[in-house]
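Please read each point beside the sequence and the model shown here.

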Amino acid sequence: MFAGIFGALQTASQRVAAATFTQSVLGGPQTQAVRGMAKLKTHKGTAKRWKAIAKGLYQRRQVGLRHLNRRLTPDSRRGKHSPVVCTPGQKRHLDRLLPYSQ
């Protein structure tokens, strides 16, 4: 009754079949050292908003040009057309959120 549960009571062919099934499910007998380091995940919301530039920094669009712009002067509206570069504190966070951008 419990022959399939306990390893001592399994036959040799059952043990080989179980080992083969385990290797096929887990991708073979590889270890973490053989596969290498795990892949880092890119934060997709950040990737859509920030772009890496040549200096190793990041830039994004200026906020505040979607609606309610009548109250702004033309100079301040035009000033929002230029991109914004990240600060050193933001760069530390962005380097972690965008690991493959540089």
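1. The side chain of Thr46 makes a polar contact with the side chain of His43, at 2.8 Å. A polar contact here is a pair of N or O atoms within 3.5 Å; within protein, one must be able to donate a hydrogen and the other to accept it, and residues adjacent in sequence count only if both atoms are side-chain atoms.

2. The model is a predicted one: local features need pLDDT of at least 70, side-chain atom pairs count only at pLDDT 80 or more, and totals for chains, interfaces and linings use all residues. Residues are numbered from 1 along each chain as its sequence is written, and side-chain values use heavy atoms, with hydrogens and water left out.

3. Thr46 lies in helix H3, residues 44-49. Helices (H or I, at least four residues) and strands (E, at least two) are DSSP runs, numbered from the N terminus. Thr46 counts as buried because its relative accessible area is 10%; buried means under 20%, exposed over 50%, and partly exposed in between (1.4 Å probe, protein chains only). Apart from its neighbours within four places in sequence, Thr46 is in contact with Leu94, Leu97 and Leu98, where contact means heavy atoms within 4.5 Å.

4. Thr42 belongs to the loop between helix H2 (32-35) and H3. Thr42 is partly exposed, with a relative accessible area of 30%. When residues up to four places away in sequence are not counted, Thr42 touches Ala47, Leu97, Leu98, Pro99 and Tyr100. The C-alpha atoms of Thr42 and Ser101 are separated by 9.0 Å, although these residues are 59 residues apart along the chain.

5. How many helices and strands does the chain have? There are five helices and three strands, and from the N terminus on the order of elements is α-α-α-β-β-α-β-α. Of the 102 residues of the chain, 12% count as buried. Among contacts in the chain with a separation of 6 or more, 58% are between residues 24 or more positions apart.

6. The three strands form an open, antiparallel sheet in the order S1-S2-S3. Strand S1 (51-52) and strand S3 (84-85) are the edge strands, each pairing on one side only. Two strands pair if DSSP finds at least two bridges between them; two bridges join strand S2 (residues 58-60) to S3. Gln59 stands opposite Val85 in S3.

7. Leu68 has a positive phi of about 60 degrees although it is not a glycine. Most residues other than glycine have a negative phi. Leu68 counts as exposed, at 59% relative accessibility, whereas Asn69 is buried, with a relative accessible area of 17%. Leaving aside neighbours within four places in sequence, Asn69 is in contact with Gly64 and Arg77.

8. Which residues line the largest pocket? They are Arg49, Arg60, Arg61, Gln62, Val63, Gly64, Leu65 and Arg66. A pocket is an open set of points on a 1 Å grid over the protein atoms alone, where a 1.4 Å probe fits, with protein on both sides within 12 Å along at least five of seven lines; lining residues have an atom within 4 Å of a point. By class, the lining has two nonpolar, two polar and four charged residues; Ala, Val, Leu, Ile, Met, Phe, Trp, Tyr, Cys and Pro count as nonpolar, Asp, Glu, Lys and Arg as charged, and the others, Gly among them, as polar.
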